[in-house]
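Me: I have a model open and want to learn how to read its contacts. Can you take me through a few?

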Amino acid sequence: MKMSVIRHVLQAGIYTNLMKSVMKPCVEITMEGKKEQEVRITMWKRIRKTAVILLCIACLLAGKSEYTVWAKTEEPMDCFSGDVTVLKPENNGYAMQVTVENSGADFTGTVQVVFAGADYVNTAYSTKITLPAQGKKQFAINVSGAAVDTESGICAIHFLDEEENVLQSIELEDLFGRAATELSVGVLSENYDGLDFMEADGEYIDFHNIYYPLKLSELSGDALKDKLDGYYFLIIDQFDVSSLSGEDIEAVQDWVKAGGWLMIGTGAYAKQTLSGFDRDFMDVSVLSVSEPGEENYLSDHALNGYYDYYYDRDEDYYYLFNDEGIDFTNMAVADLDYNRSGQRSFYDSSDYPAMLADVGDGSVMILYFSLGEEELRKLGSYTVLSMYEKLISESLSYRYDIYSEWDYVNEEAISLIDSLGTDVNFTGLKIMIAVYVVLVGPILYLILRRAKKREWYWICAPVLGLIFIAGVYILGRDVRVSDAMIYSVTAQRVDGNRKNTYFLAYHSGTDPWTVRLDGKYEMAGPGYPGWNGYYYGGNYSTDEYKYIVDNDADGLLAGIKPEENFESGFFYAEGGTESRGAITCENLEYIRRGKMKGTVTNETDCDMAYMAVWFEDNVIVFSDVKAGEAIDLDGDSGNTRRVYEDTTDNGARSMMNRMLDIYSYSSNPKYDQADMAALLVGMGIAENENSENPAGTKRAIVIGVTEDYDRVTAGRCGGLSYGCLYTFAEMEGGGQQKDSGFNPHAFF
């Protein structure tokens with residue numbers, strides 16, 4: 001009996017000690033008394049409430065955003081009217097005019113034009129305006145080519161109040177079918193009536209996927225500078241240019257440099273039509289003029305033709321004219337001398353009896369005969385249209401091909417730059433998390449136990465949590481994307497005044513965001529419509545959009561409405577710039593496939609990370625070409641600066657796959673992948689400008705890439721910016737290229 005009692009007592013004692021060790025805080029609270037327990041419970045509730053409030057405040061501070069939320073009002077108005085008109089294709093997009101009217105109360109807000117773009121990606125162009133009651137306003141917007149679907153021509157005008165609520169929407173269709181009804185052609189000639197065949201019998205010309213008839217208008221020589229605006233083409237034939245005032249001649253030259261297309265007839269009137277122009281605009285002189293009935297320069301070429309080494313076949317000069325039965329001996333033909341001062345690079349066309357040159361953003365075609373010759377009335381509309389198309393294709397303002405696979409390559413290359421340039425260091429956060437886990441776990445408990453303050457655990461744990469949140473917020477600055485990330489490549493002809501920029505941009509969060517572009521940009525929008533847009537058309541709804549382009553007094557802003565965190569947008573922007581010096585080329589010669597000779601000197605103000613020479617299918621890349629430094633193309637093939645050489649004839653994507661590790665994380669140890677990707681983007685832009693390698697000139701592309709170039713944005717942002725400066729240089733040797741010309745009739 002005693003042993004049994006003792007055993008039960010011992011068991012009870014063991015159980016009691018076990019319970020104390022497991023639930024000691026609860027036992028101690030019970031022993032402290034009911035009153036003290038109530039006080040502590042009340043204190044704990046207050047601590048929990050305070051902690052929750054502090055956590056909410058921290059979350060609000062961490063997630064604070066200045067983004068605008070786009071919302072729609074439930075009560076639309078019906079007091080606005082509006083329309084959008086395509087004025088003309090311009091550079092790599094379209095110049096458009098927006099007209100809005102208000103029959104209601106005074107309006108201050110935003111007019112937003114949403115274009116249903118290709119590949120189901122829409123773009124919104126927004127302009128803030130003040131429109132008084134019964135008022136009407138017109139303003140212009142410049143839209144990138146990838147932002148619109150020229151087949152459907154669908155867009156909508158949204159009127160938004162100052163809180164960005166949609167007050168009214170106007171749906172528009174067939175925008176490009178309703179575009180300017182004709183391409184205007186100004187004519188300076190004493191024989192205006194004899195040029196009526198240059199309207200191509202009313203046939204339509206395909207111009208950036210818009211079809212226009214041509215309309216001739218006679219111009220007088222008085223106050224010409226006030227009449228050129230609005231004309232696409234200017235024909236000068238049987239007219240004495242020197243009779244114009246100096247101001248009017250300068251106006252013609254400026255009009256061409258701004259993107260105009262000038263066609264000049266010569267023949268028996270060559271001295272009159274070529275006189276008066278500045279030498280740096282057109283340094284051409286007349287050597288002789290043949291009489292009708294005589295063999296001449298053109299008849300000799302048309303009779304003998306030439307052998308095209310590139311295509312390995314015989315070709316005819318001026319085949320379109322030959323097919324029309326044109327006999328060049330029936331006309332007075334001028335023998336012209338050009339390029340004497342080296343200021344303007346004219347070349348002889350093999351398809352057209354003319355010489356051509358790009359001048360500024362425009363171009364010039366000088367025919368060897370007068371357009372008033374009776375023989376030319378044999379020309380059919382197809383050949384007449386092709387002459388205009390050839391002139392158009394020579395200009396920098398039309399060199400962009402919206403179906404070029406370079407768009408795809410540009411996006412892939414800049415995405416590679418982004419992936420290589422995004423180096424996030426999580427070391428600090430990892431250490432912070434490890435310290436927090438250890439502190440809140442055993443260390444805090446042991447410290448409080450030793451101090452006999454274990455009941456404070458419920459206070460110390462939330463406090464440490466708040467300290468941890470603050471630490472994560474501070475240490476996470478290097479990880480958190482607080483500013484937009486912009487990865488850009490800007491390319492310009494080294495001595496030119498225009499720049500083209502492709503850039504990839506993204507931001508954290510899913511709220512709409514924009515960044516302000518540099519003030520020199522005049523147009524922005526999506527940079528790539530996607531392959532679906534090429535083959536299957538675009539989106540036919542304007543309810544939503546992804547790309548945002550805002551226009552205000554300070555310039556342009558560009559951004560997106562993301563559907564997921566860190567969603568990116570791929571943009572194109574274009575604007576003015578200044579000359580960056582020169583890239584000079586001496587004695588360039590093509591020896592054989594994969595081998596070139598000559599010297600290239602970097603006379604720009606930039607150190608080039610890499611510099612490439614690209615001729616026909618041959619590419620050679622050199623590294624680290626400092627400003628003022630020259631490179632020898634025929635240098636030792638083992639030279640470590642000669643980092644890449646290849647022969648390519650399978651297009652842009654094939655070149656990309658050979659130059660870049662685009663689909664892997666491997667790296668070519670001979671060159672930096674990001675720098676080479678930027679160089680490839682610049683090569684694509686230069687190639688679009690040099691889309692034809694004119695017969696007789698055989699131009700090579702010489703291009704360099706530099707890091708930390710002018711940023712595309714004017715505001716604060718992260719990322720990288722590259723610049724590509726290029727020029728074109730004549731190359732001796734090599735196969736003769738076929739001057740096929742631009743032929744949009746292939747789409748009919």
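**Reading helix packing and salt bridges**

Reply: Start with R658, which is partly exposed at a relative accessible area of 34%. Buried means under 20% relative accessible area, exposed over 50%, and partly exposed in between (1.4 Å probe, protein chains only). This is a predicted model: local features need pLDDT of at least 70, side-chain atom pairs count only at pLDDT 80 or more, and totals for chains, interfaces and linings use all residues. Residues are numbered from 1 along each chain as its sequence is written, and side-chain values use heavy atoms, with hydrogens and water left out.

Me: Which residue meets R658 in a salt bridge?

Reply: A salt bridge is a side-chain nitrogen of Lys or Arg within 4 Å of a carboxyl oxygen of Asp or Glu. Here the partner of R658 is D646, at 2.6 Å from N to O. D646 lies in strand 33 (residues 642-647) and R658 in helix 13, so the pair ties together parts 12 residues apart in sequence. Helices (H or I, at least four residues) and strands (E, at least two) are DSSP runs, numbered from the N terminus.

Me: How do I describe the packing of helix 13 and helix 14?

Reply: Two packed helices are described by the angle between their axes and the distance between the axes. Axes are lines fitted to C-alpha atoms, for helices over the stretch in contact, and angles run from 0 to 180 degrees between N-to-C directions. The axes of helix 13 (residues 652-659) and helix 14 (residues 673-689) come within 11 Å and cross at roughly 165°. The two helices are therefore roughly antiparallel. Angles under 35 degrees count as roughly parallel, over 145 as roughly antiparallel, 65 to 115 as roughly perpendicular and the rest as oblique.

Me: Which residues make the contact?

Reply: Contact means heavy atoms within 4.5 Å. Helix 13 supplies M655, M656 and M659; helix 14 supplies Q673, M676, L680 and M683. They divide into 6 nonpolar, 1 polar and no charged. Ala, Val, Leu, Ile, Met, Phe, Trp, Tyr, Cys and Pro count as nonpolar, Asp, Glu, Lys and Arg as charged, and the others, Gly among them, as polar.

Me: How many salt bridges are found in the whole structure?

Reply: The search finds 21. One of them joins R377 and D196, with the closest N and O atoms 2.8 Å apart. This pair links distant parts of the chain, 181 residues apart. R377 is partly exposed at 37% relative accessibility, and D196 is partly exposed at 41%. Elsewhere, D358, R493 and E689 are linked in a network of salt bridges.
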